[in-house]
Every structure is written in structure tokens, then in C-alpha cells.
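Welcome, and thanks for taking a look at this one. Please open the sequence and the structure side by side, and we will walk through a few places together.

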Amino acid sequence: MAVRSVSAYSVVQAAVRGLYSKKLSPDTWEALLDAEDFEIVLSLLSKTAFGPYFEEIPRDRMTPRRAVYQIRQRLADVYEKVIRLAPDRARPLLLWLWRLYEVDDLKATFRGIEAGASWDRVRFLLYPRHKYSLLKLEDLEEMVLSGSVVGAVAETRGTPYHETLAHALNRYEAEGNLFPLEVALDLAYTRSLWEALDRLRGQDREHGMRLVGSLVDLDNLLWAIRYRAYHHLSEQEIINYTLPFGYQVKDDDIRAIASGADIASVLRRIYPDLTGLPALENRKPASTTPLESIEVALQRRLVRMCYSEFVGSPFHIGIPVAYLLVSEYENRDLVVLIEAKASDLPRERFMPLLVTRSAIYSAS
Amino acid sequence: MFRPENMKRVELVVPDSIVVQVTEALAASHVFHPAASHLPQTDHIPPGGEDWREQATTFANLERRVLAVMEDLGVSEGPPPEETPHLIEPEVARVDLEHLEQQVEGPVRQLEEQQERLEQLQEYVRQLQTIADLDVELEALRNRHYLYALMGTMPTVNLARLRSSLDIIPSVLVEMDRHDHLATVILFGAQRDAEILDRAARSAYLKPLDLPETYRGTPAEVLEALRAGIERTRRRVREGEATIRRIHQARVDHLRHLLWRVRASRTIVETIARYGQLRNRYVVIRVIEGWVPESQLPALEERMAEVSDQVVLRTNDPEKQDEGEVPVALNNPGLLKPFQDLVTNYGYPSYRETDPTLVTALTFSLLFGAMFGDVGHGLLLLLAGFLLISTQSLSVLRSLRGVAPLLIACGFTGAVFGALYGSIFGFEHLIQPLWLRPVDGIQTILIGTVTAGAALLSLGMIYNLVNALLVGDVGRLLFGHNGLSGLVLYWSLLGLVAGRFVGRLPIPSGVFLALAAVCGTALALDEILANLVNGQRPLAKGGWGTSLIEGFFILFETAISLFSNTLSFVRVGAFAVAHGALGLMILILANRIGPGQGFAYWGVVAVGNLFLVAFEGLVVGIQTLRLEYYEFFGRFFSGSGVRYSPLTLLPREQ
């Protein structure tokens, strides 16, 4: 192991291990799942690493939406800390991972504009910013205040997103929906993420490719399946709306899905060990749709890969990336839980959608 | 000079009826730094009272709209007015602005339409030029019975994907041209596959050339028509621009006046919205809290007395718990201002900490001089500094006057080190060195500069001890990486290294080893020990295991960084050596070009020296800044202080 790698990653991996120890424990998850309502969820979370984020807001103003925003605030802080401590060579990839939230924010902003929502309504649907954010909160506010998607795209001038959005704008104007803008953003973002991944070398590349490459695989597969099953797009459209690269998912797999091959067979060919696809196998979806089942199964698989990164040599990009991805899925699970508890959904309705908890049990 | 100015917490209690006058007077005093109020703010609006927050939003929107009109007309903000504007009624500003917007909106929209049309026509021309030689009428391409043809632009990254998506469809994608990230292409196929091809092209973001059907004929004929259209549109654009210029001239002063007034009003109402509020049934009292330098307090009291005798002003010293929010006003003499700017560019010391400006001035000048040692070059910088101070005429030079003391100090130390190195304008043998020539004593100078670096790092750590003592942070003082443990560890390691190279030292190496072991352990356990002495529990916040692992790696990182930070100062010696080598290179070049030491020789020497001063000055300046910020400041300076930023309605020169 190169001394330079040890020196470069010593601080970030120590910090990440410190953060990792504050992850929600299985006992806390059990208590959260058993919580009778949103209030109890808040009380339980206030005793965890999320506690300080809830203290900022008076309890009577803590709506589910605000709670989700505060949870995301912790994710933003975690990203900022990890990016700050990461060595220069790891930083571009981590920055691009963070920009996924900016892409999501752009989409949320466009949807807000389409729905005629005010800035106050849109604001708490967004991810909190930090010093590495390219789009500041004021930029997004200007976009909403412009009052139109065309005006909002003009406001993105000077960011890496503008070129993509500006070219896709004519399709938005012609078709009158956000689909072309969102797909263009997703594709451009994933290409940039892949370029950052491709620039890594040695162990960084190996571990980065394993995790982020799998993340790209997951998105690419889900896009292909979604475009075929839900949007009923043609083979050519599916190919154009997906990407020709990946870690385990090859272009042939995507083309097979696009051309109408059996999705379950394709998935089994790519991931012979993949479990948890009852909806596909039995064709009797209960609380989840087949696509959700596939999504959750692949996400759980990715989270298990992330957990396994914490075993073995720690001086590479794998540890920070794994922690960030686990944090992301933990956040998503909490969002599902909060929304479920706020809507009084029974446990069996939302349990199948949780990713990290199930992955913990599978891993142990 | 060594400490930030003493500050006083000021609390003004004023009746709501005079809150605007008091706020304007506070802004005009230029000494009042507002602080967040501990009392309720504008949650409870008395009947008939003003909602200042709403007004702030109104003014923010008005400001945005004024700026939009100014942008449309190409009007810059201009300098702030001589006289500070007063609060304007939002309704008055709104009516005024609407009148201006009506006047501007029509001509601007027409101009934008013509500009868009011009861009569109130019885009058509750019695309059609790629098929200018084609002797086929465009209608024929549009209305083929059997052939499908679609021309347009698409992102180059999508080209390969579109081609591969059409693998099984008989088709050809011809790339005609590339421009930035876009390619001009024509997609050919069979008309029977038109729907498939259309959908594929659309999904690859192929933007079709939507040339209106009125353009008929061959591409060459259409291009001619388009160029005529471009000419006509350009004429209309010029006319539109002339109209905008006329409105600009007529309205420039009006717009600037309105902008500054709205902006000042926004500041006033935003400030008032943050005041605390006390109320009873009949009267609303505003409580204004903030900070004022102790030396400015009498003047502020006098000014408030002039505004009204109903203003009650109370002052307090900062409490221990307030220290994180006490603003920091650094007050150094004018000569040290550029060095103060270097410090504040990094961050502000916290209120109880020392002001490192003076020591920065000394260390910056010395480090710069050591790397830039040349009597002639130093004197040139010195001269440039004096010129900047004395020049009155050129505004560009006047704006650079602030850096003159920096040039003078660095020029002076450069000249002194030049004398020590025996170097003048790159000539290494014209004067005898007072110390040594860097190129003749490379090892000596490298060891010397690393030793100086170790001294500077130690100074940084001692500064950290002083700061920790001043803020009463015992944990940081004893166990911080740059506290007593860090300093003793560093000196022990230096002692061990020195013992290895020098031979016998008065202190045996066993003592150094023992000290290093004790201090290293203290550093690894710094968080736990700091919590212990500061009385904070739990001792290990993330659990003992995590803290110990983290502590071990932080100790490892500290040791590596101490080593690399010390070696970082090798660059000081390396630059001194490089200077001699560069000077020699210029002389070799001059001898080649002008062997007889005539005009050409001296020309090359002069130009070479000017290049050296500019190039080396820039590089050495950057390196010095790096050493100051990363190696020196990083030891003691958190930069967590709050900048003293007095309330003002107009931007002021610092």
C-alpha cells in the first residue's frame, strides 16, 4: 500500500468511521418502526445524531416536510465534512456525487414552477446547501421568481447544467412537459459522474468503480425498465435515453431490455445472486409495484456492497463513498418512515420500501 | 495593534415613533454594528403598526425590478450618491418604477425579438452552409415520398448512441459540422420508418432545422435570402439600440437615484425588522442591540442625544457567553493595512485572540525578501511602492496605492537579502556577499531556511498557546495539536533529528524520546483529555473505540504534517538559489545576443531583469502567501471571528 495513500486517506477515513458509528442502530430502527405516530418518531430521532438538527426548530413548527429538510441538512453537513477532509484526487468524484442533489433540486424547482408554487413552498423541498454547492439558494429562488421554466433555464447560465438544459428546452416548449428536461439532466449528470470515476487510478478506481459504477448500473437499469414498462417508449428511444457504460450492466443488457427481452432473465444474468424480486417472479404485487421491488432489491444490494467496504484496507476512496451512499439510503428510509407515520400507514405497507434496515440484517 | 479594539455592547431603547430617525442616525454614525435581539421581534404588530418584514420584502422586490430596468437599458449602478438617502414610501417608489417600466418595456421587447430573430437566422445560415453546394431544392428534401431526411443540431455526446440505436433500422446519420458541443447532422432513412426515425431523433435531442416553408429553392438560394434577412434584421436591431440609448440618456440619473433610495430604504426596514420589541397597551418600544468600539462610544452618545431626548442608551462590556458574536475591529496603522488585508482575507481572529497583523508584516516581508534576494530588484520594488504613494494622476495607480507599503517592505527586505547574497540585477559577482552566494552554498541555505521554517512554525504554536490562554481554553492550550503537547512533540522530534546530524547535544536523545512519547500520547487522546480538564462529559463523544482509532490517525497525520510543513520551507532556499541561476541564464543569453556588451547586451539584461522582477515577484508572492496561510496561520488562527461591519446605508470605501 502506498504511503501516500495512507497519508492522504488517514484523516477522512478516521472521520468517516467516527460518523459511521453514529448511524442509526437496529434497535433504534425497531423503535422507529414501532412508533405510534410522527411525534414519537421525532422524539426518538432527537436522541440520535439527527437530534441537534431538530433542536433548531420549535416542536410546534416541525411538520413532516420540515423534518425531512432537517434530516437532509445532516446529509449536507456530512457531505461537506467528507469532501473537505478528502484528498484532492478523491474530491471531484465526491463533488459529483453531491451534485446529484443539485440535479434533484433543479427538477424540484422546475416542477414547482410548473405547479405555480411559491418560493416558500419550493424551498423546503430542496436539499440544504453547503459551501461546495454550485447552485446557491438565491439562484434557485431567482429561478422560481422568474415564473417560467424558460426563464428558470436562463437563470442557470454559468453552471454546468445550462448547456444541457438550453438544448433540451425546445423539446419542453414543443411537448409541454418536463420529461425531456429531466432526462437530459439525468444523462448529462451521469456522464459527468462517470468521467470523474474514470479519472481515478489504482485502488481508488477499483473501489470507486465497484460502488459508484454499481450506482450508475442501478440508475441505467431502472431507466430502461421504467421507459419500457411505464412510458412505453420505442426500442430506439430507450437506447437513447440510457447510457452505454456501466460496471456490471453492459450495453447489451440495456439493449436487451429495450428490445423487449424478459426483464427478470436479464436481471438474473447480470446479478445471479440477486434476491428479493417476488413481484417480478410471482406477478402478484402487494404493497410495491414490480419496478419498486427491483429498485429496492438493487439498492439493498448496493448498500450491502457499501457495508463490505468497511472491511479490509481503508486507505482508498471506497470508505468515504460507501459511507455517503449508506447515509443517502438511511436518509431515504427516514423520509419513507416519516411520511408513512404522518399518513398513519401500517407497518407492512412501507416496510418493503426500506433499504438500509433490510441490508443490515442481510449483511449480518 | 496587538489586540482587536475593545467593544461595548450597546442597547438603545426608543419609542416606535422615532425608530426610523434613530436607525438613519445609527447608519450615519458608521460605528454601530447591529446584533440579533434577544427580545421578540416583529411577531406582534400593534394595531395600525407597520410590518417591517413585509416592507423589507417589498423593497427587495422593488430593488430587483429597478435593477432589471437598469439592466435592460444598460445602466450601471454608478457611484453611491454624496448625500445619504432617506426612507421612501414603498407606494411612491412603486408608482415611480411602474412609470419607468412602462416606458422601457415596449422598446426592450421589440429589440429582444429582433435579436432573437437575428440569432435564429444566423443559426439557419450556419446549418445550411454545410449543404450550400447541394444542387437540390429544399422542398424536395421536405416532401420525399420514399426518402426520409431530417436536418438539425444535436449534442455531440449523443451521436454514437443515436447511431447505435438505429442499428437495425436502415438509416444513415451524416455529421456535417461541429460547433462547441453541438453537431449539425442529417439523418437519412426510408419514409416508411419515419415514425421510428422521428422518435429516435427526438430522444437523442436532435433539434430539427425548422426553416419556415417560405424559404424555397436550393440551399444557395435560401442562404442568399437568409443573408438579406439578416441585414434587414441587423438594421432593425441598430434602430432598437438607438431607441434604448435615448431612453438610457434621459433616465440614467433618475434610475440610479431610485435604486440607491430603494436600497437604503430596504436596509433601514430590514434593520428595524430585527429590533427587539417591548409593548404595553398604549405604546410600542423598540430595543436596538449592537456593538460599538469603545473609542467611538462618546460620539455615538452625542449623536443620539441630537436625534431625540427620548432615546435611552445603555452600554455593557461583552459577557463571556457573548464572545462568539462580538465583532472584531482590527485597528492597525495605515502602513500595516495591506498586511491586515492579508490577515482578514484568511479570516478574523476571535474577539479575545491576538491580532497577527504585525507579525504577519514581519514574517511576510522576511520570507519574501529571502526568496527574492536581489539588491537591484528589491530597490525596484521599493521605488514602485514610493511611486504609487506619490502618484496622483492615474486612477489605476491610485487604486493600487493600498499595496504600496507591502511593495516597500518587500522591496526593502529583498534588497537587504540581496546584499546578504551578493546579488544585484542578476549579477552575482559585482558585490561581495555579506553572508553567502546561494548557488555556492546550496546545502547551507537549504538548512538555514528549514531552520527558519521550524522557528516560524514554533512561533505559530506559541501564538496558539497565547490565544488559548486568552480565551481560557485549557484543553487546546495543553493537548491541542498546536498546543503545549504539539509544541513539545515538535521540538523533541527536531531535537532527535538535530542530534542525528549535529552529533552530541547538551540534552541526551533519551529525554527527547521520552518527551515525544508522552506528548504523542497526549495528542492521540486530545479530545478525551480536553473534555476531562474542561469538565465536559462524556469524555469520548463517539465512543472510546472510535475516539482511540480517530486519535491514532490524527496523531499520525499530525506527525506527517509537522514533517511536511517544516520541509515546505525548503522552497525559500530553493527560490534564492533559483534566482541566482535565472540571473546567470539572462547573462548567458545577453552574451550570446550581444557579445560585445553593447546595446543588445544591455537590452537583454534590462528586459530579462524586468521579466524576472515581474515573474519572480508574482511566484514568490504566491509562495509567501502560501507559507503564511498554510504553514503559519494554520497553527494558531481559526479565523472564526466575526467581522466588524457597521450599519451603513451606502457602501463605503474600507
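## A phenylalanine in a loop

F425(B) counts as buried because it has 21 C-beta neighbours inside 10 Å, where 20 or more are needed. The residue is found in the loop between helix 13 (404–421) and helix 14 (442–471) of chain B. Its backbone deserves a look too: F425(B) is not a glycine, yet its phi is positive, at about 50 degrees. Most residues other than glycine have a negative phi.

Please keep in mind that this is a predicted model.

## A tyrosine to set beside it

Where in chain B is the place of Y205(B)? Look in the loop between helix 6 (194–203) and strand 6 (207–208) of chain B. Y205(B) is another residue other than glycine with a positive phi, here near 60 degrees. Y205(B) counts as buried, because 25 C-beta neighbours fall inside 10 Å.

## The sheet and its helix

The loop that holds Y205(B) leads us to strand 6 of chain B. In what order do the strands of the open sheet lie? The order is 4-5-3-6 in chain B, four strands with antiparallel pairing. Strand 4 (171–179) and strand 6 of chain B are the edge strands, each pairing on one side only.

Inside that order, strand 3 (residues 147–155) and strand 5 (residues 182–190) of chain B run antiparallel and are joined by nine bridges. To find your place along strand 5 of chain B, look for F188(B), which stands opposite A149(B). Helix 6 of chain B packs on the sheet, where it touches strand 3, strand 4 and strand 5 of chain B. The direction of helix 6 makes about 5 degrees with that of strand 3 of chain B.

## Helix 19 of chain B

Helix 19 (residues 544–567) of chain B has 24 residues, so at 1.5 Å a residue it should span 34 Å. The end C-alpha atoms are 34 Å apart, in agreement with that value. Several residues of this helix are buried, among them F553(B), I554(B), L555(B) and L562(B). The buried set also includes E550(B) and N565(B).

## Chain B as a whole

Stepping back, chain B has 21 helices and 11 strands. Of its 654 residues, 36% are buried. Taking contacts in chain B between residues at least 6 apart in sequence, 78% join residues at least 24 apart.

How confident is the predictor in this chain? The mean pLDDT of chain B is 87, and 96% of its residues reach 70 or more. For the model, the scores are ipTM 0.87 and pTM 0.60.

## Where the chains meet

Now to the partner chain: 22 residues of chain A are in contact with 27 residues of chain B. On the side of chain A that touches chain B, at least two residues each come from helix 1 (3–20), helix 10 (162–175), helix 11 (179–198) and helix 13 (235–240) of chain A. Which of these gives the most? Helix 1 of chain A does, with six residues. By type, that side of chain A divides into seven nonpolar, nine polar and six charged residues.

## One more stop in chain A

D37(A) is found in the loop between helix 2 (26–34) and helix 3 (38–45) of chain A. Is D37(A) buried or exposed? D37(A) is exposed, because 10 other C-beta atoms lie within 10 Å, and the cut-off for exposed is 12 or fewer. D37(A) and I338(A) are 301 residues apart in sequence, while their C-alpha atoms are 8.8 Å apart in space.

Note on methods: Residues are numbered from 1 along each chain as its sequence is written. Chains are lettered from A and ligands numbered from 1 in the order in which they are written. This is a predicted model: local features need pLDDT of at least 70, side-chain atom pairs count only at pLDDT 80 or more; totals for chains, interfaces and linings use all residues. Two residues are in contact if their C-beta atoms, placed from the backbone, lie within 7 Å. Ala, Val, Leu, Ile, Met, Phe, Trp, Tyr, Cys and Pro count as nonpolar, Asp, Glu, Lys and Arg as charged, and the others, Gly among them, as polar. pLDDT is the predictor's confidence in each residue, from 0 to 100. Two strands pair if DSSP finds at least two bridges between them. Axes are lines fitted to C-alpha atoms, for helices over the stretch in contact, and angles run from 0 to 180 degrees between N-to-C directions. The expected span of a helix is 1.5 Å times one less than its number of residues.
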